[in-house]
Amino acid sequence: MPRPTRFDAIIIGSGQAGNPLATALANAGRKVAVIEKYLLGGSCINYGCSPVKALLASAERAHQVATAAEYGIRTSTPKPDFPAIIQRKDAIIQHKRDGVRANLTQEQSGITVLMGQAQFTSARTVRVRLNTGGEQDLTAPLIFINTGTRAAVPPIQGLVESGYLTNVDILDLKQLPEHLLILGGGYIGLEFGQMFRRFGSRVTIIDAAKNLLEREDDDVCQAMRQQLEADGVEFVLEAEVRRVSRNADAEYILTASTAASERRLRGSHLLVAVGREPNTDDLGLEAAGVQTDEKGYVLVNERLQTNVRGIYALGDAHPGPQFTHLAYDDYRVVRDNILHRKRRSAKARPLPYVVFTQPQLGRIGLSEKQARHEKIAYRVATMPVRVIGRAQETGLTAGFIKVLVDERQRLLGATVFCEQGGEIMSMLQLAMAGGLTCEELQNTVFAHPTWAEALNNLFVKLMKAG
C-alpha cells in the first residue's frame with residue numbers, strides 16, 4: 001500500500017462549517033483535503049434550508065392567490081403545477097451547488113476535493129473509498145468531522161418494509177401527494193405540513209406528544225396549531241403509532257394508540273420527521289479513539305476539540321442545537337482559534353432560530369419555560385398581532401409577540417410569532433447584544449408604518465409592569 005498523501009488539514013463533509021473552513025485554511029497557505037460522500041454543500045444547500053424555503057415560497061404564492069378575494073382582487077382558483085415547482089427549486093439548488101464546487105475546486109488553490117466515503121484508520125490517517133472506485137489514504141495533523149445528520153427512523157413495526165419519505169426524498173417527488181401523513185410535529189413536520197396543504201394535499205400530522213414543538217411555551221404551541229388548523233392541516237396528538245402497512249392500492253395504513261382508542265389513519269404518502277441522528281456510524285471513530293455519546297454524536301469541548309488531539313467535530317456532528325447558522329459559527333470558532341490564536345468558545349453564544357411557517361416563529365434567548373426551569377426572575381409582556389396597525393392594513397393578523405426582561409429591564413428572550421417574525425426577532429437579538437433597556441427601546445423611533453414600531457407599545461407595557 002503506498003504511503004498516505006500528506007495534508008495540513010482533512011475536512012470530512014462539505015457542509016456550512018467545512019466549506020468556509022477549507023477556504024480559510026487554504027488562504028492561510030495550508031494544504032487541505034475535503035472529503036464528501038454525497039453532494040457538495042451539505043444539508044443546508046441540498047436538502048435543508050435552501051430547497052425547503054424555495055418550495056415554501058411557491059406555497060406562499062399559491063396562498064396569496066387563493067386569498068386574493070379578501071383584498072378585493074378577483075382571481076381564479078390557483079392550480080399549482082407541482083413539476084414546475086420542483087423544477088424551480090432544482091434550478092435554485094443547482095446554482096448553489098455549482099457555486100460551492102467552483103469555490104472549492106476552481107477559485108481556491110490548496111484544496112483537494114475527494115468524493116467518497118471517509119473512514120479513520122488511526123488518529124492521523126483517513127482512508128477514502130472513492131465513488132469512482134479504488135481507495136486513497138490521507139494523513140494530516142488536523143482533522144475536522146463535519147458529516148451532519150440524517151433522518152431518524154423510529155422502530156415501528158412494518159415501517160421499513162412499507163417504505164417512507166424523509167426530508168430528502170420528499171423534495172424530489174414528481175407528483176403532489178393526495179393525502180400526506182407526517183410522523184412528527186416538530187419544525188420539519190410543520191413546515192412541510194403547511195406547505196403541502198397549500199399546494200392542495202390533504203395533510204395529517206401525527207405526534208406522540210400532547211403539544212407541538214415541545215420545547216416551546218404552551219401559548220406558542222397552541223397558536224401554531226390554531227394557525228395550521230386554519231389552513232386545513234389535521235392533527236392527531238398523543239398518538240403512538242404501533243404499526244405501518246400498505247394495502248393493495250399502495251395506500252399507507254397507520255395503526256396508532258391514543259388515550260381514547262386505537263385509530264387507523266390512511267394516506268397516499270408518509271413522511272417520517274421524528275428527529276435526526278448523526279452520520280458518524282461509518283467513520284471508524286473507534287480506530288481514532290474518538291469518543292461519542294450514546295446516540296453517536298461526537299463529544300467536544302467549548303473549542304470543538306474531541307478527546308483526541310488534532311481532531312475536531314463541527315456542525316450537527318456534535319451534540320447541541322442543529323442549525324445552519326450555528327454550524328457556520330463553529331467554523332468561525334475554529335478559524336479564530338487555529339489561525340488567529342484567539343480563545344473563542346462555542347458554548348456561550350446566542351441561539352436565534354426561525355420556523356418558516358406563515359406566520360414565522362422567531363425565537364431568541366429564554367422562553368418562559370426555560371426561565372422557570374433555570375429559576376431566573378423575569379417579567380413578561382405579550383402583544384397580539386391583531387392590534388398592530390401594519391397587521392390590520394396587510395390582513396396578516398395571526399400571532400403574537402412576547403418579550404421577557406430581567407430586573408434591570410434588559411431583554412432575556414423574545415418570541416415573535418407573526419409576519420416577518422424572523423426579521424423582527426433579529427432586531428431584538430441585536431438589542432440584547434447591545435444591552436439596551438426597556439426604556440431605551442420604548443423611546444426608539446421606528447419608521448411608520450412598520451411591524452417594528454409595535455415594539456414601542458410592548459416595552460411601554462413592561463415599563464408599567466415594573
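The model is a predicted one. Helices H1 and H9 pack at an angle of about 20°, and helices H6 and H7 likewise pack at an angle of about 20°, while H3 and H4 pack at an angle of about 145°. A search of the whole structure finds 1 cavity of 30 Å³ or more, and the backbone includes a cis peptide bond from glutamine 358 to proline 359 as well as one that joins histidine 448 and proline 449.

**Helices H1 and H9**

- Helix H1, which covers residues 18-27, packs against helix H9, residues 324-339, at an angle of about 20° and with the two axes 9 Å apart; because angles under 35 degrees count as roughly parallel, H1 is roughly parallel to H9.

**Helices H6 and H7**

- Helix H6, made up of residues 187-199, lies against H7 with the axes 9 Å apart and an angle of about 20° between them, and the two helices are therefore roughly parallel to each other.
- The crossing of H6 and H7 is left-handed, and in it Leu190, Gln194, Arg197 and Arg198 of H6 meet Met224, Gln227, Leu228 and Asp231 of H7.
- The contact of H6 with H7 has 3 nonpolar, 2 polar and 3 charged residues when these are divided by class.

**Helices H3 and H4**

- H3 and helix H4, the latter spanning residues 82-105, pack with their axes 9 Å apart at an angle of about 145°, and H3 passes H4 in a right-handed crossing.
- From H3 the contact takes in Ser50, Pro51, Ala54, Leu55, Ala57 and Ser58, and from H4 it takes in Ile85, Ile86, Arg88, Lys89, Ile92, Ile93 and Lys96.
- Of the residues in the contact of H3 with H4, 8 are nonpolar, 2 are polar and 3 are charged.

**Cavity and pocket**

- Rolling a probe the size of a water molecule over the atoms shows where empty space is left.
- The largest cavity has a volume of about 40 Å³, and the residues that line this cavity are Ala151, Asn167, Ile188, Val272, Ala273, Val274, Gly275 and Arg276.
- By class, that lining of the largest cavity consists of 5 nonpolar, 2 polar and 1 charged residues.
- The second largest pocket has a volume of about 420 Å³ and is lined by 18 residues, of which His63, Tyr71, Gln358, Gly395 and Leu396 lie nearest its centre.
- Helix H3 (49-66) and helix H7 (218-231) are the elements that give two or more residues to the lining of the second largest pocket, and that lining divides into 6 nonpolar, 7 polar and 5 charged residues.

**Backbone geometry**

- Most residues other than glycine have a negative phi, and most peptide bonds are trans.
- The peptide bond from glutamine 358 to proline 359 is cis, with omega near 0°, and proline 359 has its place in the loop between strand E18 (353-355) and strand E19 (360-365).
- Histidine 448 and proline 449 are also joined by a cis peptide bond, for which omega is about -5°, and proline 449 is found in the loop between helix H13 (438-442) and helix H14 (454-465).
- Leucine 304 has a positive phi of about 70° although this residue is not a glycine, and leucine 304 is found in the loop between helix H8 (285-288) and strand E17 (311-313).

Key
Residues numbered from 1 in each chain as written. Predicted model: local features only at pLDDT ≥ 70, side-chain atom pairs only at ≥ 80, totals over all residues. Heavy atoms only, no water. Axes fitted to C-alpha atoms, helices over the stretch in contact; angles between N-to-C directions. Helix = DSSP H or I, 4+ residues; strand = E, 2+ residues; numbered from the N terminus. Parallel < 35°, antiparallel > 145°, perpendicular 65-115°, else oblique. 1 Å grid on protein atoms, 1.4 Å probe; cavity = no way out; pocket = protein on both sides within 12 Å on 5 of 7 lines; lining within 4 Å. Points joined across faces, edges and corners; volume = space filled by probe spheres on them. Nonpolar A, V, L, I, M, F, W, Y, C, P; charged D, E, K, R; others polar. Left-handed = near helix turned anticlockwise from the far one by under 90°. Contact = heavy atoms within 4.5 Å.
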